[in-house]
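The sequence and the model are shown first.

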Amino acid sequence: MRDKTRVGMTDKVRRFIEDNALLKQGDRVIVALSGGADSVCLLDILVSLKELLGIDIFAAHFNHCIRGEEADRDEAFVTDICDKLAISLFLGREDVPAEAAQTGESVELCARRLRYAFLERGAASINGAKIATAHHMGDNAETVLWNLARGSGIDGLSGIPVKRGEIIRPLLCVTREEIEAYCADRGLRYVTDSTNLSDGYTRNRLRHQVVPVLCELNPGAIGNIARTSGLMREADDYLNKISAKELKDAETEYGLSCERLLRLEPIVLKYAVKSLLEQHGAPVDYRHIGLIAEAMRTGGAVQLGQGFTAVCSQGILRIKSDDTEMDELPTLGDFLENNGIRIRIREGKPILPDELKGSDQKIHNLLLYNSIPCDIITQDTVLRRRMAGDTFTDPRRRVTKTLKKLMNEKKLPREIRGDIPLIANGSTVLWISGFGTSAQAVPDLTRDGDIILLMGEHHA
């Protein structure tokens, strides 16, 4: 019976690793080894699967300096385990309470941040190893319950991800009871963290007070929560994919179309805004997501914290950062080289590269209203941003307008008007990104010479 427990557990974890593509032949794996039953079990199973999976195993232990002599005992214990197994061990130590007092974080959050930073450094030192942590189904249930209690979206109810970047969790398919049975069967020694016995930590209160009640109501509660969180993760993944597509479809020259986004189903709109905030590194708060959706309907701005603002103006949504500095423009020569295509005009006909071949009328208009003749570019011609007094003459209607009026008519968001590059001789604008060539710079395609075609939108 005891041997069956060991074989069954090992096989279960192996199948879970394979089904979720957690490891492949040749991978290096650092096991986060605290010395507790969970991590000792994980190390033992991976060692037993080492040859079958074709992996190299390392271990890492982080001393949080929270429990004094007990923490030193744990460090000595894992050192002894790794010596006996001939496994290389990375050791780290940080005074977590002191760091938490300095940063204002809770001890729990500070410990987690420093621990993962240590593990990532260890992985980087051996050419990007995978990091295996010993989270199990019980840990996942606690995470789901806590996220539910404090208010969470589908992503929070998805629980602990099986993999996140280079972090993998091979034991999420087993319960704490299975882990303890495995350790007993194998005669594995482990240490107990005394802080796990205290209800002073959020997780411990859930583990000691909430989860037992749920298991009394239904002995299969832990497994049921695991299945539900798996379904939530599938839904979360799907909605993330849909929202990514919708964000791309809503892109405009200057931001995202509010009109396009507001056509989405409410849940997809929320995911799209959440994804947008994450892309910019802005804090994600579900209250802010609702306020941004409202601002898309009425216009306005939403302060997001950490220096970020969501601005909805002229039907365009943009995320601004107070730390964003205006990029320095390149020289005109570099800009033309990187963004322009030189085209020769010979005997009244353009000699086109393959990517520009098409209907004569289409190419004629493209060249006429998006090109600058090389012979009007002088040492006084520069690439710059708009200045007071700048005007632009429409080449079709021969109407001259200030850039301010022109941008107002195009409903260009005010906060980005100063970012747009233009080419000018003095105060005469020859070309401006998003508007094309001015009347003063329209090339004469009946004359021989070279012109530079500026394709598409070129914002700095």
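1. Two strands are taken to pair if DSSP finds at least two bridges between them. Helices (H or I, at least four residues) and strands (E, at least two) are DSSP runs, numbered from the N terminus. The model is predicted, so that local features need pLDDT of at least 70 and side-chain atom pairs count only at pLDDT 80 or more, while totals for chains, interfaces and linings use all residues. Residues are numbered from 1 along each chain as its sequence is written, and side-chain values use heavy atoms, with hydrogens and water left out.

2. Ile343 stands opposite Ile451 in strand 20.

3. A second open sheet of four strands has the order 7-10-9-8, and its pairing is antiparallel. Its edges are strand 7 (256-257) and strand 8 (300-305), each with a single partner strand, so one side of each is left without a neighbour in the sheet.

4. Strand 8 and strand 9 (residues 308-313) run antiparallel and are joined by five bridges. Gly300 has Cys312 in strand 9 as its bridge partner, and Ala301 has Val311 in strand 9. The hairpin of strand 8 and strand 9 has two residues between the strands, and Gln306 there takes a positive phi near 55°.

5. How do the helices pack? The axes of helix 6 (residues 137-150) and helix 9 (residues 202-217) come within 10 Å and cross at roughly 95°. The two helices, helix 6 and helix 9, are therefore roughly perpendicular to each other; angles under 35 degrees count as roughly parallel, over 145 as roughly antiparallel, 65 to 115 as roughly perpendicular and the rest as oblique. Residues of helix 6 in this contact include Leu145 and Trp146, and those of helix 9 include Leu206, Val210 and Leu214.

6. Helix 2 (residues 37-53) and helix 3 (residues 69-85) pack at an angle of about 10°, with their axes 12 Å apart. Helix 2 and helix 3 are therefore roughly parallel to each other. In this contact, Val40, Leu43 and Val47 of helix 2 meet Phe77, Ile81 and Leu85 of helix 3.

7. There are three aromatic pairs, where rings of Phe, Tyr and Trp (its six-membered ring) pair if their centres lie within 6.5 Å, and planes under 30 degrees apart count as stacked, over 60 as edge-to-face and the rest as tilted. The ring centres of Phe62 and Phe118 lie 5.4 Å apart with the planes at 35°, so this pair is tilted. Phe62 belongs to strand 2 (residues 56-63) and Phe118 to helix 5 (residues 107-125), so the pair ties together parts that are 56 residues apart in sequence. Phe62 and Phe118 are both buried, where buried means under 20% relative accessible area, exposed over 50% and partly exposed in between (1.4 Å probe, protein chains only).

8. Phe392 and Phe435 form a tilted aromatic pair, 6.4 Å centre to centre and with 55° between the planes. Phe392 lies in strand 15 (residues 391-393) and Phe435 in the loop between strand 18 (428-432) and strand 19 (436-437), so the pair ties together parts that are 43 residues apart in sequence. Phe392 is buried, at a relative accessible area of 5%.

9. Two residues outside glycine deserve a check of the backbone. Ala21 has a positive phi near 50°, lies in the loop between helix 1 (2-19) and strand 1 (28-32), and is exposed at 51% relative accessibility. Cys65 has a positive phi of about 60°, lies in the loop between strand 2 and helix 3, and is partly exposed, with a relative accessible area of 28%.

Notes:
Axes fitted to C-alpha atoms, helices over the stretch in contact; angles between N-to-C directions. Contact = heavy atoms within 4.5 Å.
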